[in-house]
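I opened the model to look up charged side chains and what they pair with. My notes follow the order in which I checked them.

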Amino acid sequence: MQSDDTTGSESAQGAEEPSGLRAIWANTLEPVAPLPWYRRVPRNALIAAGVVVGLFAAVTVAAVTGFGAPTRHRIVLADRIGDQVRLPDEDSILTLRADIERQMTALRPYRELTVAGYGPAGATESTLTLIGLTGSFPDVRRELDKYFGTETQTTGAPSDDPVVVGRQDYPAGPLGGAMDCAVLDFPAVPQTTCAWADGSTVGIVVDETGASEPGELARRTLDIRAAVEVEEKD
C-alpha cells in the first residue's frame with residue numbers, strides 16, 4: 001500500500017509540474033528579473049507618449065529656428081518707382097511725417113516709419129505720397145479700418161476732414177495680406193488712396209492729384225509695394 005501511495009503521490013506531483021517556459025523559469029537557480037518598464041507599459045500609452053515627445057520636439061525646433069513662421073517684411077523706400085522718382089522732402093511731407101510720429105508714441109505695434117513724396121523727374125511738388133509702417137499686425141483688417149475709419153465721417157458734416165467714398169477690397173498680390181482703395185473726398189481736392197496691410201507692414205499710397213480711379217491706383221499700388229516691401233533679415 002505504501003508503494004502505491006508513493007506512486008500516486010509522485011504521479012499527482014508530476015501532473016502539477018510546470019512545463020515549457022514555465023518549467024525553465026521555475027527551475028532556474030537565479031532570481032527572475034522583473035519585466036523592463038517598457039514591457040509593463042501598455043502599447044497605446046507608449047504610442048501616445050511618443051506623439052507628445054514628437055510634438056514637443058517640433059515646437060522646440062520651430063521656436064529656436066523660426067521654421068514655419070510667416071516671413072516678415074519691412075518698408076524700404078526706393079529712389080524710383082516706375083516713371084516716378086523720389087523728390088526731396090517738401091514741407092507737406094515733413095509735416096505729415098511729424099504728425100504720424102507723434103501718434104506712433106502710443107501705438108506699440110509700429111516700429112519703423114517711412115514717408116516720401118514721388119513725382120515725375122524734374123517736378124517740384126509730389127503727386128504721389130507713400131507712407132510705410134513696419135511692425136507686428138496680426139489683424140490686417142483692423143489696420144485698414146484704423147486708417148479708413150479715422151477718415152470716415154457722415155456725409156454733409158461741417159468739417160475739413162474727408163468723407164470716404166467707394167471703399168472697396170482689391171487683390172493684395174503675391175505678398176499677401178489685404179488691400180483696400182477709396183476716394184477721400186476732401187473739400188479742396190479729392191484724393192484717391194490705397195492701403196495694404198499684412199503681418200508686418202502697412203502701406204498707404206495717396207494720389208495727391210485725385211486723377212486716378214481706385215482700380216487704376218490699386219494696380220499701381222501693387223507695383224509700388226513690390227518695389228518697397230522687402231524681406232526682413234535677422
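I looked up aspartate 198 and found that it forms a salt bridge with arginine 225, with the closest N and O atoms 2.7 Å apart. A salt bridge here is a side-chain nitrogen of Lys or Arg within 4 Å of a carboxyl oxygen of Asp or Glu. Aspartate 198 sits in the loop between β8 (191–197) and β9 (201–207), and arginine 225 sits in helix α7 (residues 214–228), so this pair links distant parts of the chain, 27 residues apart. Helices (H or I, at least four residues) and strands (E, at least two) are DSSP runs, numbered from the N terminus. I noted that aspartate 198 and arginine 225 are both buried. Buried means under 20% relative accessible area, exposed over 50%, and partly exposed in between (1.4 Å probe, protein chains only).

I wrote down the ground rules next. This is a predicted model, in which local features need pLDDT of at least 70 and side-chain atom pairs count only at pLDDT 80 or more, while totals for chains, interfaces and linings use all residues. Residues are numbered from 1 along each chain as its sequence is written, and side-chain values use heavy atoms, with hydrogens and water left out.

How many salt bridges does the rule give? I have 11 in my notes.

I then checked arginine 141, which has a salt bridge to aspartate 180 with the closest N and O atoms 2.9 Å apart. Arginine 141 is in helix α6 (residues 140–151) and aspartate 180 is in strand β7 (residues 178–185), so the pair ties together parts 39 residues apart in sequence. Is aspartate 180 buried or exposed? Aspartate 180 is buried, at 3% relative accessible area, whereas arginine 141 is partly exposed at 32%. Salt bridges with shared partners join Arg141, Asp145, Arg167, Asp169 and Asp180 into one network.

I also looked at glutamate 112 and arginine 74, whose side chains meet in a salt bridge of 2.9 Å, N to O. Glutamate 112 belongs to strand β4 (residues 110–119) and arginine 74 to strand β1 (residues 73–75), so this pair ties together parts 38 residues apart in sequence. Glutamate 112 is partly exposed at 25%, and arginine 74 is partly exposed at 28%.

My last entry is glutamate 229, in strand β10 (residues 229–231). Glutamate 229 is buried, with a relative accessible area of 5%. Leaving aside neighbours within four places in sequence, glutamate 229 is in contact (heavy atoms within 4.5 Å) with residues including Arg74 and Asp198.
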